[in-house]
Structures are given as C-alpha cells and as structure tokens.
Number of protein chains: 2
Amino acid sequence: MCRVTSTRSTPSAPSPSILPTELASRLKRDRDGLVCAVVQQHDSGEVLMVGWMDDEALRRTLTSGRVTFWSRSRGEYWRKGDTSGHSQHVKTVALDCDGDALLVRVDQVGAACHTGARTCFGDDDLGAVEGHRDE
Amino acid sequence: MCRVTSTRSTPSAPSPSILPTELASRLKRDRDGLVCAVVQQHDSGEVLMVGWMDDEALRRTLTSGRVTFWSRSRGEYWRKGDTSGHSQHVKTVALDCDGDALLVRVDQVGAACHTGARTCFGDDDLGAVEGHRDE
C-alpha cells in the first residue's frame, strides 16, 4: 500500500457500523477494524495500489463516487487525489468470498503512486522463477 | 482473501529471513510477519484473490514457479492447488512502493475461489455509486 506504513493508532472500539446491517455483518475486519482494498483500473485491468478501509471509509467510497481510505500512517481518512489531484473515480466495488478484501474498480486520474508512477507495483519486479502448467 | 479468516496463531519471532538480505530489508510486514499478496491472471488482468505471505511463503513463490501462501486460519503453508488442483503458476512477482503488498501475476488453472467461481470477487457487487471525472 502506498505511503501507509504503520499500524492504526486508535483501534476501533466495537460500535454500531454506519454501513447497512447486512453488509456490516459480512465484513471480516482485522484487529484494527480494517479490510484490504485492491484498486484496479476498470478498463485496462492494471492493479494500481492496495489501501485499507474501515467501515466509514467504505461507506464514503460506496456513496460518493470517489475512493476514500483509512491512512494507517496518519491516522485519518484520506480521499485519494485531494492533495495530489490524482483522484480515483469509482466504477464498482466488490467484496470477496470471505469478507476480508475489497476489489475497487476505478477510473484513475494520472499516477496512482506517490512516486509519480502509474501504479505502486511498477518498479520492483522480484525476478521470480516462472512456472508452467505442464511442470 | 479466500478461506483464511483468523489471525496467525504463532506470531513470528524476529529471526534471520530466508530471503535475500536486500529484499528482506524492504518488506514491511504486519504484526504477524505477513504481507498482503494480490493475485492477478497475467493475460486477462482478472484480480483472482488476495492471500498472505510470510518470508518463507514468498521465498517458495519466488523460487518454485508455484504460489504458496501462509494460511492464517490453519496456521500452515498452503501451496495453491495441492488439494483442489486449481494451481497458480507464477509469471511475475512485484513489491509495491512501500514494501507491504505484493502483486503476483499467474496462470490460474480453473477456479481461484473455493466456491468454484473463477475469482473470489465474482459474486458480491456492493452497488457503489459510480463516479466520473467531470464531477
């Protein structure tokens, strides 16, 4: 995840979720009340970045047309692009089969990464050995 | 992430990583010693699932041609497909800009999800309000 490196400073106490009850009941949050959000460019399929959302960040993302994360390093909500101009406009949001990861498909304006690269995964290939089906 | 719902039962004690020193130093692991791994079909761009890796799971993934996760629910290594036959053959592995997320591009055999769906995100659209650049 981009620029978000430490743990959440104020773990959420149990409280009524501000999400619809049925959705809130399906989320499997980590110890800090967060779920992982994978952000993908909707048309090209590029995986742009990974961020984190609590219930309120997800509510804002689902209802506003713009992606909002919880910044673990700064301990605050972070609407992508408000500082950089590189906003993420929501196309679809899906929850995975066991409720602990989100796939957020967006229209990304400019660079998704704070380095100026299009994606946060662009510059660091780890040189994996390639696998093949017939092995 | 698919079928992996609880926290790691045995948090890793500090110990020498079995990864190359330069790579080990760049990983930003969570409190359980894990990083998030986004798995993407290399040609279609589908985001298939999210899993978790510790240093050993990443080492196996980088060197064997097959994807291995750390299963948080079972507390053991899990080479994708060994039970289901739905293996993931590695194409590339990239680390994100701040070292706490991996993008693993694979050739997925069959369904990535334990439900039998191609991806773990296929059946749960959350009905987000769509955003547009000109708003």
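The side chain of Gln41(B) makes a polar contact with the side chain of Asp107(B) at 3.5 Å; a polar contact is a pair of N or O atoms within 3.5 Å, where within protein one must be able to donate a hydrogen and the other to accept it, and residues adjacent in sequence count only if both atoms are side-chain atoms. This is a predicted model, in which local features need pLDDT of at least 70 and side-chain atom pairs count only at pLDDT 80 or more, while totals for chains, interfaces and linings use all residues. Residues are numbered from 1 along each chain as its sequence is written, chains are lettered from A and ligands numbered from 1 in the order in which they are written, and side-chain values use heavy atoms, with hydrogens and water left out.

**Gln41(B)**

- Gln41(B) belongs to strand 1 of chain B; helices (H or I, at least four residues) and strands (E, at least two) are DSSP runs, numbered from the N terminus.
- The relative accessible area of Gln41(B) is 3%, so the residue is buried (buried means under 20% relative accessible area, exposed over 50%, partly exposed in between, with a 1.4 Å probe and protein chains only).
- A polar contact at 3.2 Å joins the side chains of Gln41(B) and Arg118(B).
- Leaving aside residues up to four places away in sequence, Gln41(B) touches Glu46(B), Leu48(B), Val106(B), Asp107(B), Gln108(B) and Arg118(B); contact means heavy atoms within 4.5 Å.

**Helix 2 of chain B**

- Its buried residues are Asp55(B), Glu56(B), Ala57(B), Leu58(B), Thr61(B) and Leu62(B).
- The buried residues of helix 2 pack against helix 1, strand 2, strand 3 (68–71), strand 4 (76–79), strand 5 and strand 6 of chain B.
- At the N-terminal end, Asp54(B) caps helix 2, with a side-chain oxygen 3.2 Å from the backbone nitrogen of Glu56(B).
- Gly65(B) follows helix 2 and has a positive phi, near 85°.

**Interface of chain B and chain A**

- The contact involves 54 residues from chain A and 53 residues from chain B.
- About 4,600 Å² is buried between the two chains, and carbon and sulfur atoms give 55% of this area; buried area is the accessible area (1.4 Å probe) that two parts lose on being put together, summed over both.
- On the side of chain B, Phe121(B), Leu126(B) and Arg133(B) lose the most area to chain A, together 15% of what that side buries.
- The interface holds 10 salt bridges, a salt bridge being a side-chain nitrogen of Lys or Arg within 4 Å of a carboxyl oxygen of Asp or Glu.
- Arg26(A) and Asp124(B) form a salt bridge through their side chains (2.2 Å, N to O).
- Elements giving two or more residues to the side of chain B that touches chain A include helix 1 (21–26), strand 1 (35–41) and helix 2 (55–64) of chain B.
- Strand 5 of chain B gives the most to that side, with 7 residues.
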